[in-house]
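The sequence and the model are shown below.

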Amino acid sequence: MTSRPTRLAAAATARLAEAGVPSARVDAEILLAEALGIDRGCIPIADDATADQEAAYAALIARRAAREPLQHILGRAYFGPLTLAVGPGVFVPRPETELLAVRAARKAGRGAGIVDLCAGSGALGLYLAATVPDSRVVLVERDPEALAYLRRNAAGTGATVLAADVRDPGLPALIERTVGRPDLVVSNPPYVPDGAQLDVEAAADPALALYSGADGLDLIRDLAPLAARLLAGGGEVGIEHDDSNGAGTAELLRRAGFCAVTEHRDLAGRPRYVTGRMDV
């Protein structure tokens, strides 16, 4: 019977692999668990799928075979302990960004004032709100579509959402009125160089959240002095960047007045984010 879950998953895996999905087996099993309403680990012992479940699964696989991002199909993305609402119109957080989140959480003390610039879905800032006790977190985002997801994700967390442009000269005063003097600034901004080739799923993210000028540093050029102004009383900054721009991002932080500027690599050895400290 083709309605056995393991057989359904095997057939779906083959279809996704043929469509060029790089994580075909994992995605096939995640979507089967979604259609059946079970945990993925229970697939081998699950009852046969009903006709309705099989039809629902076929529809999900058709969407993934068309290279619609898995997170868009599910309507959610996982980031550390968080489950975030995502979809078309907001950047899907990547696992690599968790490295910056974990380091930032270790640096932030109890009650820290934290600012997440270009917050998107809120992954960085909400991770810190969840892991840093008594933290005061502000999430800054300008795009209306992303803001809808951000507000949904931030509801009930105690974090404050500011609909604002990071290039607005009045933003530092607004942040200080909201959270007081920040101790930590984090950002996963748009940083892809214009014209860069992306895989199908990455290209499904909104262009506003991806591209930042010919070298990918246009926005970071503005973020570095903004972070320096926000942290004039002392504190730490962490900014993610394109893997071609570790040195460029580090130099921008140094020019803005940060010391102890350090380039960090991800688990694959690629340049991923830069940190710095502003001393009083």
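Does Asn188 count as buried or exposed, and what is its relative accessibility? In this predicted model, Asn188 has a relative accessibility of 16%. That is under the 20% cut-off, so Asn188 counts as buried. Asn188 sits in the loop that links strand 6 to helix 9 (200-203). Apart from neighbours within four places in sequence, its contacts are Phe91, Thr97, Leu117, Cys118, Leu124 and Glu240.

Glu141 belongs to strand 4 and is buried, with a relative accessible area of 10%. Sequence neighbours within four places aside, Glu141 is in contact with residues including Cys118, Ala119, Gly120, Leu162 and Ala163. A polar atom of the Glu141 side chain lies 2.8 Å from the backbone nitrogen of Gly120.

Strand 4 (residues 136-141) runs parallel to strand 3 (residues 113-117), and five bridges join them. Within this pairing, Val115 has Val138 in strand 4 as its bridge partner.

Both strands belong to an open sheet of seven strands with mixed pairing, in the order 5-4-3-6-7-9-8. Strand 5 (160-163) and strand 8 (259-265) form the edges, each pairing on one side only. On average, neighbouring strands are turned by 15° against each other, direction ignored. Helix 10 (residues 218-230) packs on the sheet and touches strands 3, 6, 7 and 9; its direction makes about 165° with that of strand 7.

Key. Residues numbered from 1 in each chain as written. Predicted model: local features only at pLDDT ≥ 70, side-chain atom pairs only at ≥ 80, totals over all residues. Heavy atoms only, no water. Pairing = 2+ DSSP bridges. Helix = DSSP H or I, 4+ residues; strand = E, 2+ residues; numbered from the N terminus. Axes fitted to C-alpha atoms, helices over the stretch in contact; angles between N-to-C directions. Contact = heavy atoms within 4.5 Å. Buried < 20%, exposed > 50% of the residue type's maximum accessible area, 1.4 Å probe, protein only. Polar contact = N/O pair within 3.5 Å; in protein donor to acceptor, adjacent residues only side chain to side chain.
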